[in-house]
Amino acid sequence: GNPGYFATSERVWTSGKNDYSAYIGIGFRANENHGHVLGGAKVTPNHGPWTIGIQIDGHSKHPFVTRRMASNIVLGDYWIETKSVGIMISLSK
């Protein structure tokens with residue numbers, strides 16, 4: 001595989017039953033020796049544990065789905081160029 005690491009800053013807007021987010025940051029791939037600006041948008045229906053979104057990573061656009069497992073742990077699937085599946089693990093403060 002091609003492990004990656006990222007750091008982002010995110011803004012969340014609440015409207016009705018849903019949360020809408022946009023984020024920007026920097027990402028690194030294990031097979032490259034430089035970073036890329038990345039960004040994306042996502043929606044969390046009914047303020048629940050599930051989120052769907054899209055990320056632009058400096059190469060391509062990638063849809064994803066995540067589920068919040070605890071207040072600081074998110075797990076998900078990331079469809080790399082909609083051709084193969086990657087696993088996402090996010091830990092936050």
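Is E81 buried, partly exposed or exposed? E81 is partly exposed, with a relative accessible area of 33%; buried means under 20%, exposed over 50%, and partly exposed in between, using a 1.4 Å probe and protein chains only. The model is predicted: local features need pLDDT of at least 70, side-chain atom pairs count only at pLDDT 80 or more, and totals for chains, interfaces and linings use all residues. Residues are numbered from 1 along each chain as its sequence is written, and side-chain values use heavy atoms, with hydrogens and water left out.

**Largest pocket**

- The volume of the largest pocket is about 1,300 Å³.
- Of its 45 lining residues, F6, Q55, Y78, M88 and I89 are the closest to the centre.
- A pocket here is an open set of points on a 1 Å grid over the protein atoms alone, where a 1.4 Å probe fits, with protein on both sides within 12 Å along at least five of seven lines; lining residues have an atom within 4 Å of a point.
- Grid points are joined across faces, edges and corners, and the volume is the space filled by probe spheres set on the points.
- At least two lining residues come from each of β1 (4-15), β2 (18-29), β3 (35-44), β4 (50-56), β5 (61-70), β6 (73-80) and β7 (84-91); strands are DSSP runs (E, at least two residues), numbered from the N terminus.
- Strand β7 gives the largest share of the lining, 7 residues.
- By type, the lining holds 18 nonpolar, 19 polar and 8 charged residues. Ala, Val, Leu, Ile, Met, Phe, Trp, Tyr, Cys and Pro count as nonpolar, Asp, Glu, Lys and Arg as charged, and the others, Gly among them, as polar.

**Nonpolar surface patch**

- A nonpolar patch on the surface is formed by M69, L75, I87, I89 and L91, which together have about 570 Å² of accessible area.
- Patch residues have over 30% relative accessible area and no salt bridge, and nonpolar side chains (Val, Leu, Ile, Met, Phe, Trp, Tyr) are joined within 5 Å.
- Accessible areas come from the Shrake-Rupley method with a 1.4 Å probe, and for residues only the protein chains shown count as cover.
- Strand β7 supplies the largest share of the patch, 3 residues.
- I89 lies in strand β7 and is exposed, at 58% relative accessible area.

**Salt bridges**

- The count is 3 salt bridges, each being a side-chain nitrogen of Lys or Arg within 4 Å of a carboxyl oxygen of Asp or Glu.
- E10 and K42 pair through their side chains at 3.3 Å, N to O. E10 is in strand β1 and K42 in strand β3, so this pair ties together parts that are 32 residues apart in sequence.
- E10 is partly exposed at 40%, and K42 is partly exposed at 23%.
- D57 and R29 form a salt bridge at 2.6 Å, N to O. D57 sits in the loop between β4 and β5 and R29 in strand β2, 28 residues apart.
- D57 is buried at 9% relative accessibility, whereas R29 is partly exposed at 23%.
- E81 pairs with K83, their closest N and O atoms being 3.7 Å apart. K83 is exposed, at 70% relative accessibility.

**Positive phi**

- Most residues other than glycine have a negative phi.
- N46, not a glycine, has a positive phi of about 55 degrees. N46 is in the loop between β3 and β4 and is exposed at 53%.
- E81, also not a glycine, has a positive phi of about 50 degrees and is in the loop between β6 and β7.

Conventions
Helix = DSSP H or I, 4+ residues; strand = E, 2+ residues; numbered from the N terminus. Patch = residues over 30% accessible without salt bridge, like charges linked within 9 Å, V, L, I, M, F, W, Y side chains within 5 Å.
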